[in-house]
Amino acid sequence: MRYRPALRPLIISLVFLFVALGSWEWSSQPPKATEALSEYELLMGGAEQEARVPPPSAVIIHAFNELSDPFYDAGPNDKGIGIQLAYSLYRVLTGFLLAALIAIPCGFVIGMFPVMHKAMNPYVQILKPISPLAWMPLALFIIKDSEASAIFVIFICSIWPMLINTAFGVANVRKDWINVARTHELSDMRTAFTVILPAAAPTILTGMRISIGIAWLVIVAAEMLVGGTGIGYYVWNEWNNLDLTSVIFAIMMIGIVGMMLDLILSSVSRWVAYEE
Amino acid sequence: MTYKSLGDPFNPDQSLLHEKGCSCTQCISENSKACGAQTLATESKPDRERLDTTEDMMDRVIESTIVRGVFAHNDFSRRSFLGLVGGGLTASILGSLIPFDEIKAAVKDSMGKLEKTKLNVGFVPITCATPIIMAHPLGFYSKYGLDVDVIKTAGWAVARDKSLAGEYDASHMLTPMPLAMSLGAGSAPTPYVMPTVENINGQAIVLHVDHKDKRDPKQWKGFKFGVPFEYSMHNFLLRYYVAEHGLDPDKDIQIRVVPPPEMVANLRAGNLDGYLSPDPFNQRAVWEKIGFIHILTKEIWEGHPCCAFACSKEFTNRYPNTYSALLKAIVDATHYSAKAENRIEISAAIAPKNYLNQPEPVIRQVLTGRYADGLGGIQDVPDRIDFDPFPWHSMAVWILTQMKRWGYIKGDLEYNKIAEAVYLASDAGAKMKELGYTPPTETYKNYTIMGKEFDYTKPEQYINSFAIRRM
Ligand SMILES: [Zn+2]
């Protein structure tokens, strides 16, 4: 077998993984019970003096069980991980698309006209840093619907990066390209779509990537607050039970789905970038 | 399930009066228990059928009413007639003359058509919610024609907001919440009603295991305590308890609102020194070896109310028949939950993910009252938590005095008027009676809380009698 240096990082990271998981597994084994438990020990949940972090083997077994039946529905408060993730994705995508629908055209206007930029900038600067979850009580009170409130929170948190990036991207389209368009006597609308949009697209997509990343982070917190369904509710429900195995599993699922969302948008932005 | 007042009207041995010396099987078995005679206690002549469902029970009520009517309410002549002719024959004779089935259907129909059958009822996952939850797997909701989804809610603020938004038709709440909501304390004023209490007792003060040597509240200066909500019995009982021990709850200790499920994690992290919270989180702290049970709240006030079943005034007005059916299901489930012999079965039913999502042994220790206290002992307190639907007006008055004492509400209060508008004792009483239970005849009574008398007729004097107060 030929030695291939390209494999070295892979081997090192695998060794690292095994050492880390192995020592975690080893350190979190409960001691074997030697005697029958007294009634008091039974009522205390065992003779051990402390609760432990679950070993990775427990997490893997749990993940296998959950993923082998991801779409079970055992009542309003007990649904499979697939259903929960679908609820969260639905909320994130709805809020995100609504935000995109408003942020991109507004960003366009702000980017094209410096006057608008000056006029709107103070509002954007004030509203942008507000924690999205701070909107929740207000949204619940005004919208009077927890589902719509959760989507609103996603909407409000994903609108700013898209708005700011679109405005920035549009404002920075090279002047000479626009002048070329002018000399070809293109209308403003056609200039916007055929020249500015393609030129600003990579920046706009960067904004969308930031937005969806934030939205996915916020939905977990929002669902923990409002409850009912979704991956955030799942985490809350298992936290409620202090079931760390499930919480660790959920954290992994949140990470994987978040990574996939980011991968989709980054491949779109690569595709857009080639167009240039 | 047998109900004394619902004897089989076609049984000649059974009196419908149940006077002293009555010879019906139930009265005999009760008397014989008193004498210690065991032979008679066996039910030699069982009822025609056991009244296992409310449907059967209602049928029985209607039959009984008709038969009593036929015999002109003369129980003696009914029994001698039945003795001669026989119960079965009488039933068929009367049946051929009187259309029992049609009458039964008509009576049930006269209770009214349900305006709305698909309901959402919220609950916070704690053992106090047992009746609301148990009505689901036990089929109490469906028995009254309702299709109810019981929905788990993250905390009290969300339960309140979802109720105000109309997402929940009715919800599990804390007994002070409907009062606060109606008065507009902590939210926009919305008329709320509380037809029943869920549970009495069932809370505890838990301290971190590091404080095993600090059992005297005087040593608690600087402690951080958690309560589940501002408008909760937990908050008012903790304040009352430390104040009786000379600590000012606003100055000498810190009280934080922590959603019940987060109590144990905060105790472990050292963010809290202790808490007065609903179960199972007290027992869960013991199970996790993080805390111990300092006292049960029944030691502060034996029989104090805790959680409630509440809905908006609008719901009761718009859907009177649905409201009535829902109330019956809850009253039924509350009485079911109160029976000690059902508690183990209930523990197993409410422990899974769909409801409380807790280890079953933890729930069982709470509901049966045989529990590890975290100090090395096993305690036996069968009424550690109990269930009693009757919403005493005097409970509301007490809660109002504490809200005023600690500055949550200000100004003059019409205690009785508010209590009677929000706590619907007459509705609960009527439903209890309909279902064959005996409601109390009064709606006010005095309490003794940590040895101090509460006189419901003198709320203002009561508030002024406390040395530590915010007004
Ligand atoms: Zn309670």
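B:Asp279 is buried, its relative accessible area being 0% (buried means under 20% relative accessible area, exposed over 50% and partly exposed in between, with a 1.4 Å probe and protein chains only). The model examined here is predicted, so local features need pLDDT of at least 70 and side-chain atom pairs count only at pLDDT 80 or more, while totals for chains, interfaces and linings use all residues. Residues are numbered from 1 along each chain as its sequence is written, chains are lettered from A and ligands numbered from 1 in the order in which they are written, and side-chain values use heavy atoms, with hydrogens and water left out.

The partner of B:Asp279 is B:Arg384, and the two form a salt bridge whose closest N and O atoms are 2.8 Å apart; a salt bridge is a side-chain nitrogen of Lys or Arg within 4 Å of a carboxyl oxygen of Asp or Glu. B:Arg384 sits in the loop between β13 (378-380) and β14 (385-387) of chain B and B:Asp279 in the loop between β9 (274-278) and α12 of chain B, so this pair ties together parts 105 residues apart in sequence. Helices here are DSSP runs (H or I) of at least four residues and strands (E) of at least two, numbered from the N terminus.

A second pair joins two helices. B:Glu460 and B:Lys404 form a salt bridge with closest N and O atoms 2.8 Å apart. Since B:Glu460 belongs to helix α20 (residues 459-464) of chain B and B:Lys404 to helix α17 (residues 393-405) of chain B, the pair ties together parts that are 56 residues apart in sequence. B:Glu460 is partly exposed at 28% relative accessibility, whereas B:Lys404 is buried at 7%. Elsewhere, salt bridges with shared partners join B:Arg239, B:Asp248, B:Asp250, B:Lys251 and B:Arg470 into one network.

Between B:Lys116 and B:Asp169 there is a further salt bridge, the closest N and O atoms being 2.6 Å apart. This pair links distant parts of the chain, 53 residues apart: B:Lys116 is in the loop between α5 (100-110) and β1 (118-123) of chain B, and B:Asp169 in the loop between α8 and β3 (170-174) of chain B. B:Lys116 is partly exposed, at 25% relative accessible area, while B:Asp169 is buried at 11%. Over all chains, a search of the whole structure finds 29 salt bridges.

Turning to the interface, 42 residues of chain B are in contact with 37 residues of chain A, contact meaning heavy atoms within 4.5 Å. The two chains bury about 3200 Å² between them, 53% of it on carbon and sulfur atoms; buried area is the accessible area (1.4 Å probe) that two parts lose on being put together, summed over both. In chain B, the residues that lose the most area to chain A are B:Lys289, B:Lys353 and B:Asn354, together 21% of what that side buries.

Two salt bridges are counted between chain B and chain A. B:Lys353 takes part in a salt bridge with A:Glu66, at 3.5 Å from N to O. The elements that give two or more residues to the side of chain B that touches chain A are β2 (147-152), α8 (156-164), α11 (263-269), α12 (281-287) and β12 (370-372) of chain B.
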